[in-house]
Amino acid sequence: MKKEVVAMLLAGGQGSRLYALTSHVAKPAVPFGGKYRIIDFPLSNCVNSGIDTVGVLTQYRPLELNSYIGSGQPWDLDRSDGGVHILPPYMREGDQGTWYKGTANAIYQNIGFLDMYDPEYVVILSGDHIYKMDYSDMVYFHKKTQAACTISVLEVTLEEATRFGIMNVDENDQVYEFEEKPKHPKSTLASMGIYVFTWKKLRQYLIDDEADPNSSNDFGKNIIPNMLAAGEKLMTYRFHGYWKDVGTIDSLWDANMDMLAPHNSIDLHDPEWPIYARTPTKPPHFMGSKAVVSHSMVTGGCEVYGEVENSVLFHSVRVEEGAQVKYSILMPGAVVKAGADVSYAIVAEDAVIEADAHVGSAPDDSPDWGIAVVAGGVTIGAGATVAPRAMIREDVKGGEQA
């Protein structure tokens, strides 16, 4: 059962900044890029990196995510020796059991799982990032530098640095100071929330952190600063490539639009680094005689009779004749009926935009402009208007303003 490397994928986040899109599903289960879900990217990175043992830590609305992952077969993680394991919070003997209180507590609650595999190294990952990364290179760097912890970092702008945990490093990329969302950052090396730990070191720090009643039980707020204060060797691993935290409506929309760029740096057609997914069996998409589709992703099972421009259509979407869809994301099963106009919007699963309704609009200089969102299963009535930045969770009657 011993494994050199085990990955722990934190996938329990509520995703509150995605509002209507995560009212019924966990953030990592949100559809992305025409045929994927967000969690497909770290899972695919694991198997492509040669990591065959992955713990997926779930918590918020886990049913759809658990069902989606299943046995792990789409990612070649349906293995008797290792494979993928769903790890929800559970009641332990002698206590009442708790939800995961923080990222560090989530790993602490699964010390028994990790001890079962007795790994040399543990890779900690987040379930809400879109990127391709070879974790084996990072593990090799960690071993070569004999670090206790290696933190993957990305260069950001000075303005963006205030939103991240910032690593201040010496000429050898060894961390000498860590600042959580500093007002006046000293560097632009932002933590990506991807860590490699030497397991024996991390195990003790997790136990000590759990014993501290004042701790937030968080890697960024507690474990990393505690290791640094104790004189442990912390190294940064510089990542070069596409990486997007899709934790907000704007960033999710941006990342989907990035997939349409002709030379985007996260090539989904790369045979050397495929992104695997559990996809339903659907017939080929169908284009009606009056359909006009430009610069868009249209996946299996779609029927397009109207106009689609610069948009991402997931499986089983229907766009009727006379309807217009521009710069938008239509998730599985969404329907846009005749004469409706959807522009700069995200329409979630099985939502219906009735005839002559208007959802969203092109950008303007108004501070109230933003991406309009229609939640899953919602119907926007005939002739209704959904304003930019609106978050629609319930049905809207025909002719109403929302």
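Let's start at helix H7, residues 219-229, whose buried residues are Phe219, Gly220, Asn222, Ile223, Ile224, Met227 and Leu228. Keep in mind as we go that this is a predicted model. An α-helix has 3.6 residues a turn, so residues three or four places apart point the same way. Just past the helix, Gly231 adopts a positive phi of about 85°.

Next, the cysteines. Searching the whole structure turns up 0 disulfides. Take Cys46: the closest cysteine sulfur, in Cys149, is 17 Å from its own, too far for a bond, given that a disulfide needs the sulfur atoms within 2.5 Å. Cys46 is also buried, at 0% relative accessible area, and Cys302 is buried too, at 1%.

In one of them, the ring centres of Tyr68 and Trp75 are 5.6 Å apart and the planes meet at 65°, so the pair counts as edge-to-face. Tyr68 is buried at 7% relative accessible area, and Trp75 at 1%. Another pair, Tyr131 and Phe239, has centres 6.4 Å apart and planes at 90°, so this one is edge-to-face as well. Here the pair links distant parts of the chain, 108 residues apart: Tyr131 belongs to strand E7, while Phe239 sits in the loop between strands E12 and E13. Tyr131 is buried at 0% relative accessibility, and Phe239 at 9%.

Back at Tyr68, Arg37 lies over the ring face, 5.0 Å from the centre. Finally, look for Trp253, Tyr327, Tyr344 and Trp369, which ring pairs join into a cluster.

Notes
Residues are numbered from 1 along each chain as its sequence is written. This is a predicted model: local features need pLDDT of at least 70, side-chain atom pairs count only at pLDDT 80 or more; totals for chains, interfaces and linings use all residues. Side-chain values use heavy atoms; hydrogens and water are left out. Buried means under 20% relative accessible area, exposed over 50%, partly exposed in between (1.4 Å probe, protein chains only). Helices (H or I, at least four residues) and strands (E, at least two) are DSSP runs, numbered from the N terminus. Rings of Phe, Tyr and Trp (its six-membered ring) pair if their centres lie within 6.5 Å; planes under 30 degrees apart count as stacked, over 60 as edge-to-face and the rest as tilted. A charge sits over a ring if NZ of Lys or CZ of Arg is within 6 Å of the ring centre and within 35 degrees of the ring normal.
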